[in-house]
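Subject: Structure handover

Hello,

Here is the structure we talked about, with my notes below it. Please read them with the model open.

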Amino acid sequence: MRPPPHILVVNGIKVRHPVFVLAAPHSGADLLARALKRSPGFHVTMGRAAVAHVVYAFARRPSIAGRGMGATRVLRDALAESWQIVPGACEECPAPCREAGGVTGAGPCATPGSVARFGDASPDLLYSASVLLQAFPDARFVQLIRDGRDVAADMLADPASLTWFKPAMLSDETEFPNPFLGVSSGEHRERWKAMPTAGKCALRWRSAVRLAASLRQELPREQLLTLRYEDLVSSPAEATGELSRFLETRVPRIALLGRNMPKVGVWRTRLRGQDAELVAKVAREELTRLGYLPSS
């Protein structure tokens, strides 16, 4: 049973129908956040420290997220802090958020009088989806799905992503199953530690798209929209049009044009043969289900 509605007020603005962007790493959440940040009436944040701290706590220890209204209040308070529109607020934002908002100084990137909707596209927000729904029962969720082989190729080139694959990440205190790293049981701890990094990337993507699939089963259509990264690249007008209809606002496609967007199929030139084979092997079921690999 969902808790009774809680109306959060930020800068005198009631938070209604907030929008949260969910995706595996390197699946285009930052690109979609850029478009939303430049949509009329939206104030969207990405990776503010207050939110990131809570999100990664939930991701690494899923039991925390199951602690009822306590977890809900913590995440709601973190977002309220992140959404504050005050002088100098943007100084605390990571570079991708500042760049997406076109901020060159201390900010803020929005003015209270122009804001009607709030949103967040912090990395790995997917693992807090259930808590977000408890905190904001009227929320709208946008999921992005990208070919897991391309995701693995980009993760392998990203030092920030690779830090999660150090052996210490699966310590004796680690909870299982662990959707964040894609490890289902403590019995697999040593196998994970010995696995090549490409395989760990595939596990992380596989687990993320499984969570995305479960959300599609749980949430009604009016609350969840799933888009493909490949459609953002090949048909930005259609993708932003679908997003505009879902959110009942105008999402500008120009925010996606002219960007240095990773191309579709980059894995073909950037994944070594053995790595490509391992990624396909680990994530074959999901790659096939999503149409990235032909069914046998």
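The side chain of Glu 175 makes a polar contact with the side chain of Arg 61, at 3.4 Å. This is a predicted model, so please take that pair as computed. Glu 175 sits in the loop between helix H8 (159–162) and helix H9 (189–194). Leaving aside residues up to four places away in sequence, Glu 175 touches Arg 61, Pro 62 and Ser 63. Pro 62 is 113 residues from Glu 175 along the chain, yet their C-alpha atoms are separated by 7.4 Å. Is Glu 175 buried or exposed? Its relative accessibility is 17%. The cut-off for buried is under 20%, so Glu 175 counts as buried.

Next, the sheet. It is open and has 5 strands, in the order S4-S5-S3-S6-S7, with parallel pairing. Which strands stand at the edges? They are S4 and strand S7 (224–228). Each has a single partner strand, so one side of each is left without a neighbour in the sheet. From one strand to the next the twist averages 20°. Helix H12 packs on this sheet and touches S3, S4, S5, S6 and S7. The direction of H12 makes about 175° with that of S7.

Strand S3 (residues 19–23) deserves a look. It is mostly covered, with 5 of its 5 residues buried. In a regular strand the side chains alternate between the two faces of the sheet. Here Val 19, Val 21 and Ala 23 point one way from S3. Phe 20 and Leu 22 point the other way. Both sets are buried.

S3 has these pairings:
- Strand S5 (residues 117–120) runs parallel to S3 and is joined to it by 2 bridges. Phe 20 stands opposite Asp 120 in S5.
- Strand S6 (residues 140–145) also runs parallel to S3, with 5 bridges between them. Val 142 in S6 is the bridge partner of Val 21.

On to helix H1 (residues 29–37). How many of its 9 residues are buried? The count is 8, so H1 is largely enclosed by the rest of the structure. The buried set is Ala 29, Leu 31, Leu 32, Ala 33, Arg 34, Ala 35, Leu 36 and Lys 37. Note that Arg 34 and Lys 37 are in that set. These buried residues pack against strands S3, S4 (42–45) and S6. They also pack against helices H5 (95–100), H11 (229–234) and H12 (236–247).

Last, the pair H10 and H14. Their axes come within 8 Å and cross at roughly 30°. Angles under 35 degrees count as roughly parallel, so H10 is roughly parallel to H14. The crossing is right-handed. H10 makes the contact through Ala 198, Gly 199, Ala 202, Leu 203 and Arg 206. H14 contributes Asp 275, Leu 278, Val 279 and Val 282.

Which residues of helix H14 (residues 273–282) are buried? They are Asp 275, Ala 276, Val 279, Ala 280 and Val 282. Their cover includes helix H7 (148–156), helix H10 (197–218), helix H13 (267–270) and helix H15 (284–289).

Best wishes

Note on methods
Residues are numbered from 1 along each chain as its sequence is written. This is a predicted model: local features need pLDDT of at least 70, side-chain atom pairs count only at pLDDT 80 or more; totals for chains, interfaces and linings use all residues. Side-chain values use heavy atoms; hydrogens and water are left out. Helices (H or I, at least four residues) and strands (E, at least two) are DSSP runs, numbered from the N terminus. Buried means under 20% relative accessible area, exposed over 50%, partly exposed in between (1.4 Å probe, protein chains only). Contact means heavy atoms within 4.5 Å. A polar contact is a pair of N or O atoms within 3.5 Å; within protein, one must be able to donate a hydrogen and the other to accept it, and residues adjacent in sequence count only if both atoms are side-chain atoms. Two strands pair if DSSP finds at least two bridges between them. Axes are lines fitted to C-alpha atoms, for helices over the stretch in contact, and angles run from 0 to 180 degrees between N-to-C directions. Angles under 35 degrees count as roughly parallel, over 145 as roughly antiparallel, 65 to 115 as roughly perpendicular and the rest as oblique. A crossing is left-handed if the near helix is turned anticlockwise from the far one by less than a right angle, and right-handed if clockwise.
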